[in-house]
Amino acid sequence: MCSNNPYIPMPVEIIKIIDEVDTHDIKSFRLKFMNKEDEAKFKYLPGQFSELSIYGRGESPIGIASSPTEEGYVEFTVQRAGAIQPGLVTAALHDMDEGAKIGLRGPLGNSWPIEFLEKKNIVVVGGGFAFTTLRSLINYMLHKDNRSRFGEITVIYGARTPGLLLYKDELAAWEKRDDIKTIITVDKGDETWKGREGFVPAVCKDAAPSPNNAVAVICGPPVMIKFTLPVFFELGFSKENILTSLEMRMKCGIGKCGRCNVGYKYVCSDGPVFSLAELDELPRDF
Amino acid sequence: MDFEPKILGIACNWCTYTGADLAGTTRLQYPQNLRVVRVMCSSRINPSFIFRAFQLGADGVLVGGCHPGDCHYNTGNLYARRRLAVTRKILEFAGIEPGRFRVEWISASEGNKFAEVVTEFTEQVRNLGPQTKFKIEQLPTPEKI
Amino acid sequence: MSINFKQIEEKLKSEATKLLEEGKVGVVLAYGKGYDENHPLPFVARKASDVENIVFNEYCTANMARYIVRYPRGTKIAIAVKAADSRAVIQLIQEDKVKREDLVILGIPAYGMKNAKTGEVVDSKTTCGMYNPVIYDTLLGEEVHGQSVVSPYDVLAEYEAMDKEARWAFWKKELDKCIRCYACRKACPMCYCDPCFIDQNKPKWGEKSPESHGNLMYHLTRFHHLAGRCIDCGECSRACPVDIPLYLFHKKVAKDCEEMFGQAAGMSIEDKPALVNFRVEDSDKILE
Amino acid sequence: MKKTSINKISDLAAELLGKGTLVAPVKEDAGFNFREISNAGQVDLNFYNTLMSPKSAFFPQTEDFVRYDKNKSVLDAQCVDLNLKPVFLFGVRPCDAKSFQIMDIHFSGTGVVDPYWKKRREATTVFGYAFDINTPADGADFYSTLNIGAADPEGSDVFMMKRGDELLLKAVTPKGETLLASLTSLADASADEQKYFDDTVAAGRDFKTRFTCVDDKVIAKKLEDLFHKTEFWEKISDACLSCGACTFVCPTCYCFDICDETLFSKGVRRRVWDACMFTDFTLEASGHNPRTKVYQRLRQKICHKYSFHVRKYGVISCVGCGRCTRNCPVNIDIFSIVDEALKA
């Protein structure tokens, strides 16, 4: 019962905690497997998620922020939740120190369709906190073994304020590279902000990525998605070539507990990555 | 074996808790079976606190508040009086001995009353024996088919 | 004399039609056809053409006051109420969940209602045992007089006489049956909290699994939350799929509240619910 | 094929008890229920159908996964093992036996296999029990509409039916065959009884209740088209209280929650039945809830059973046992809703 049981988490240790934003409610947690065989089994692709598990608190489905090309650890970026009901797991995580041990169940769900993306130009559009699995994808594509498999890469990333941008060091590094076009924008800058100001949809319009042989990967808050999609339709992207990742309440993560369905698909096992064309087939119930 | 009851005391910040302090500073003796939780007012006491205390193994629950009319918030204990009276009836109908739950009005100057009440209540609960009805012994594993 | 259900149904229909046609109300909460005669459904008529589906027979036990809080504030609602249901409406008005002027209350004097599940007569054993609505704008039928009035608390005598060990054994057995489907709180016209205390995760009052202690916590606290508010319609017990006699405990608490505070729930819109009210001259005796 | 006398049923029960765990209907206050039998005399076959469905034999309301101590390391958490003796699930009505096959698709037939369901399923021998062919329906049920016969052996390992004072037992699967052969309290059935058995199975198929001709695909498509017709769903859900009674008694509802239940520091992670009718079922930590309204939740329930399930697994997730209708506090009838949807 205990081996290969999909409900039993693997023990992991938090080896590093990175405070990502100036509001201190988003932190990245680097986790290292405590058992070698677990690590060997944990093969994932960008876009997948895992259940972070703290006994006594519960489990939380969190997208994997690290890329499979980063070895020796898995990274998760977690926001302290609790607008309506207190987020028990995320709060407990945020209170933990390096060296704490928690559970991890995964990898779960499908990934960004790497084979489909190969040889294409990729436009990655992210907003705010929803940048985690996109970062995984970008790092994966930028890895020296993989870079040649993809065409041009454009990243458009926006946050409300400069302080709320995730992965600031990496953003700076990407901006210096010439094999990736990085556009960072904030809704409202501060005194020190020298970059661009403006909302993501407007920035996308300005940047006007070409739809030729291109796929747009969009993740962000609902309001950003709502206004960004028309821009991409106007640019000429077809629904098959716009991908996004859905969010629903999940428990089991393996399509058994029945709560994350949108129409006949379970977001946890059939998703979370869907193309707009796939979403069009499903009822609007999310 | 001697039975030492566990008693939860919930005391209002302004009267009973201060009264307990007074009992302490005047070095009055009272049994150590009482564990006191301070709340801002007796009307802050959610009846679930009391049910939960019994579930978690309390043998008795003692609630202390200001004398009616003396509430720091004017009317808090007047609401609490009604509410806790109902709690008492519910406990009784469920089968908990009424002697395990007591509400007392103890003012900040009544250190000796505090000591007396605690002593008396502890004895009362001691005589009733351990409270086993609500107490959760362990997390059961129900084989509910 | 017996209740002429057909006549009440006709009156209900004509009143509903009139109210909807004149635009005095947006919805009429009444009873409609179920999958068979013995299983009528709560029904909401929104247009005059819906009215033909309204029925009223002895199986229409549901308390329609449950549905009032579902409509946005200010919606004009006509509601068909029996005796206990009318008390629920009063209680909701007291608690400011609905305004008196937004309601058109269609009173139904009735007795001999039957539980659709068991076919048993619903009387003062499981409900408040009243025959006539306490409040109404229009009475559909004639007030019932001359029926023997039985105190709704008579049924308690047996349980009050038990010693506390036996009573605990009784309640433990009954509450252990609970499967936590929450039909009781959903059927209750007074249980409108969202989220319910038991669904909170911090503090977590009770576990989700149907174990003794969680069941006890849920039910005792629910009894407490309904103290001085329960209008003894008996819906919770009828809703319960595993037949827990919840009405007993509610009756006991209602009886105690009535004795201690001199006020029964849902009898006058001037009252305040007993537990959000006090009198300076309340006696400390109630705590003894 | 075997037989035994109805009044000797306790002998059969005793023999099964000797071989493992016996789960059979027992009369309780609120009605019959499947319970683990401790005394062979408890077994009572004079029931129409049980209050709760027998799914709990494989999918109990609470199933413990892990025991932990909050003050200790995650490495000290102990996985709860399932040590099962052979289980005999006795007296399952044909519609409920069918429900196991439907649940099999979900739990062990597709995607990740649920180890608990699989293990319990493997340990269990299902004794199906035909409806009384003279009174095979009570007004609420509609299994025949979903092509399940009143005496349908499908889904059972051993199928039983009453004939006068006799109980006839026939093995349906190899598992049932082996078991029946090993039972000594049974006598061999005559050719006449064989014929009666086969005739009854056939007669059970002809029996129809509340029948509307339905094709899975037609219903599924219809509901899919209706999905965004809010007025329809609002009307349907006017009466719904959105309690969980219907889902908890349902033999094919499988939604669950995973809860950590802690007392002081010790606790257990377990799964507990959950219901799509509860408000917090889909409440996300962010505060967003895609299904805040009653109609959205009822729509989810109906569409899940009759549309999404067909689309995903090719079969309706309902066996027409009528439990939801019987136990609904406000008499909502799922059959009528589907019927109305087909007409809408």
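Helix 2 of chain B, residues 47-55, is mostly covered, with 8 of its 9 residues buried. Keep in mind that this is a predicted model.

**A covered helix in chain B**

- Who's tucked away here? The buried residues of helix 2 of chain B are B:Pro47, B:Ser48, B:Ile50, B:Phe51, B:Arg52, B:Ala53, B:Phe54 and B:Gln55.
- The cover over these buried residues includes several pieces of chain B: strand 1 (7-12), strand 3 (60-65), helix 3 (76-94) and strand 4 (101-105).
- Helix 2 of chain B is followed by B:Gly57, which has a positive phi, near 110 degrees.

**Two helices crossing in chain B**

- Helix 1 (residues 16-25) and helix 4 (residues 111-128) of chain B pack with their axes 7 Å apart, at an angle of about 90 degrees.
- Angles of 65 to 115 degrees count as roughly perpendicular, so that is what helix 1 of chain B is to helix 4 of chain B.
- On the helix 1 side, the contact is made by B:Thr16, B:Gly19, B:Ala20, B:Leu22 and B:Ala23.
- Helix 4 of chain B brings B:Gly111, B:Asn112, B:Phe114 and B:Ala115 to the contact.
- Sorted by class, the residues of this contact between helix 1 and helix 4 of chain B come out as 5 nonpolar, 4 polar and no charged.

**Where chain A meets chain D**

- This contact takes 41 residues from chain A and 39 residues from chain D.
- On the chain A side, strand 4 (58-63) and strand 6 (101-108) each supply at least two residues.
- Which of the elements gives the most to that side? Strand 6 of chain A does, with 3 residues.

- Chain D splits into domain 1 (2-206) and domain 2 (216-343).
- How many Å separate the centres of domain 1 and domain 2 of chain D? Taken over C-alpha atoms, the answer is 25 Å.
- The two do touch: 35 residues of domain 1 of chain D are in contact with 28 residues of domain 2 of chain D.
- On the domain 1 side of that contact, strand 4 (62-69) and helix 2 (94-109) of chain D each supply at least two residues.
- That side of domain 1 of chain D has 16 nonpolar, 9 polar and 10 charged residues.

Conventions
Residues numbered from 1 in each chain as written. Chains lettered and ligands numbered in written order. Predicted model: local features only at pLDDT ≥ 70, side-chain atom pairs only at ≥ 80, totals over all residues. Axes fitted to C-alpha atoms, helices over the stretch in contact; angles between N-to-C directions. Helix = DSSP H or I, 4+ residues; strand = E, 2+ residues; numbered from the N terminus. Parallel < 35°, antiparallel > 145°, perpendicular 65-115°, else oblique. Contact = placed C-beta atoms within 7 Å. Nonpolar A, V, L, I, M, F, W, Y, C, P; charged D, E, K, R; others polar. Domains from an automatic or database assignment. Buried ≥ 20, exposed ≤ 12 C-beta atoms within 10 Å, placed from the backbone.
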